[in-house]
Amino acid sequence: MSSRRTATLKDIAADAGIHVATASRALSRTHSHLVQEETRKRVLESAERLGYRVNSVARSLRSGKTGTIGVIVFDLANPFTATVLRGIDEVLDETGQLSVVMETHNEPETLRRAVERLTENRVDAIIVAAAHLDDREYLLEAAAATPIVLAVRRSGDPADPAALSGLPEALQDDVKGAAEAAQFFLDHGHRHIAQVHGDSRISSFVDRGFGFQSAIEAHGDAALVGHDGHAHDSTVAEGRRLAAELLALPSQERPTAIFAHNDMLAVGVLDALAEAGLRCPEDVSVIGYNDAPLIDRVTPPLTTVKLPAFEIGRHAAQMAVDLIDGKEPDPARVVLPAEMVIRDSVAQR
């Protein structure tokens with residue numbers, strides 16, 4: 001058995017010919033920029049030569065921080081989720097923190113267990129991208145122990161998209177995004193229009209439904225047709241089920257255009273159209289939401305509203321870093337603008 005002593009920070013400083021504090025800064029992910037590049041390289045060379053490893057446990061005890069941020073998402077299999085996580089990790093890479101990711105499958109109790117587990121493991125902050133509208137009180141209470149940032153979804157009053165939750169939020173303007181989708185249909189001559197609604201517990205879908213309906217109702221000769229049913233999950237199967245109900249309406253009542261509250265639901269709508277012997281966009285036009293990866297590869301390529309997932313992730317991570325550093329995020333709510341991505345799934349009437 002080797003009796004070689006583990007190198008210490010003091011050994012590294014002596015080998016590099018500098019003060020211990022300078023060696024510590026040079027090896028710190030968050031403070032290395034304070035050290036001259038030549039000195040930093042010399043310290044790294046000494047650390048590698050002597051086999052030095054940072055004792056993260058000791059560093060955590062000294063600072064009271066673990067250097068980790070919890071991230072709670074609703075579904076890791078959703079293509080959109082990966083883009084949010086990339087935005088978060090880009091900021092954390094810059095600041096030297098690591099992310100610990102958990103998923104809820106949209107179950108409220110799983111969200112609570114995830115928050116509790118992350119808090120017990122002393123993460124420095126938690127980014128919640130899986131909140132339901134009625135989670136506000138619980139998350140406010142949990143934030144008293146660990147800073148919490150909401151991403152993608154807000155929490156609070158279902159009827160008021162502008163209402164603040166009391167927590168920092170990085171969101172998109174879902175109301176305006178859905179209104180732009182409605183206007184796109186109207187500009188293309190559609191007057192019998194339907195929605196495939198997402199889960200009614202989730203702010204993104206509630207706000208999209210409100211924005212879309214308001215825009216249609218503001219147009220004198222257009223009408224929403226069909227049912228007010230909601231998807232149980234944001235899946236292709238649920239989109240297919242709800243679209244099949246719309247397509248079963250008498251031909252004179254059937255919509256000529258369908259807005260799905262996310263792209264997975266929209267793919268289900270395309271499936272239902274094919275099963276009914278109908279063509280998109282010739283018979284029924286379709287718009288989705290999110291601009292998920294590869295959604296331009298479906299047939300026809302899907303017109304959708306882009307959700308800036310990467311940018312939302314970056315903003316949420318920066319808010320979390322600010323809270324860890326004892327600063328209040330400014331602004332406390334970031335709402336990114338909507339953007340139509342026009343492809344081939346909408347036809348002129």
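Which residues is Ile127 in contact with, leaving aside its neighbours within four places in sequence? In this predicted model, the partners of Ile127 are Ile69, Gly70, Val71, Ile72, Ile88, Val149, Ala151, Ala316, Ala317 and Ala320. Ile127 belongs to the largest nonpolar core, a set of 65 residues. Ile127 is among the residues with the most contacts inside that core, along with Ile72, Val128, Leu139 and Phe212. Helix 12, residues 309-324, gives the most to this core, contributing nine residues. A second core is separate and has 23 residues, including Ala243, Leu270, Leu278 and Cys280. In soluble globular proteins, nonpolar side chains tend to be buried together.

A charged residue, Asp174, was examined next. Asp174 lies in helix 8, which covers residues 174-187. Its relative accessibility is 5%, so Asp174 counts as buried. Not counting residues up to four places away in sequence, Asp174 touches Val152, Ser204, Asp207, Arg208 and Tyr289. Between the C-alpha atoms of Asp174 and Ala231 the separation is 18 Å, and the two residues are 57 apart along the chain.

The overall architecture comprises 12 helices and 12 strands. The C-alpha trace spans about 85 × 40 × 40 Å along its principal axes. Of the 349 residues, 50% count as buried. Among contacts between residues at least 6 apart in sequence, 70% join residues at least 24 apart. The accessible surface comes to about 16700 Å². Carbon and sulfur atoms account for 50% of that surface. There are 36 positive and 51 negative side chains. The centres of these two sets lie 9 Å apart.

Note on methods. Residues numbered from 1 in each chain as written. Predicted model: local features only at pLDDT ≥ 70, side-chain atom pairs only at ≥ 80, totals over all residues. Heavy atoms only, no water. Core = buried A, V, L, I, M, F, W, Y, C linked by side-chain atoms within 4.5 Å. Buried < 20%, exposed > 50% of the residue type's maximum accessible area, 1.4 Å probe, protein only. Helix = DSSP H or I, 4+ residues; strand = E, 2+ residues; numbered from the N terminus. Contact = heavy atoms within 4.5 Å. Areas by Shrake-Rupley, 256 points an atom, 1.4 Å probe, with all protein chains shown as cover. Charge placed at Lys NZ, Arg CZ, Asp CG, Glu CD.
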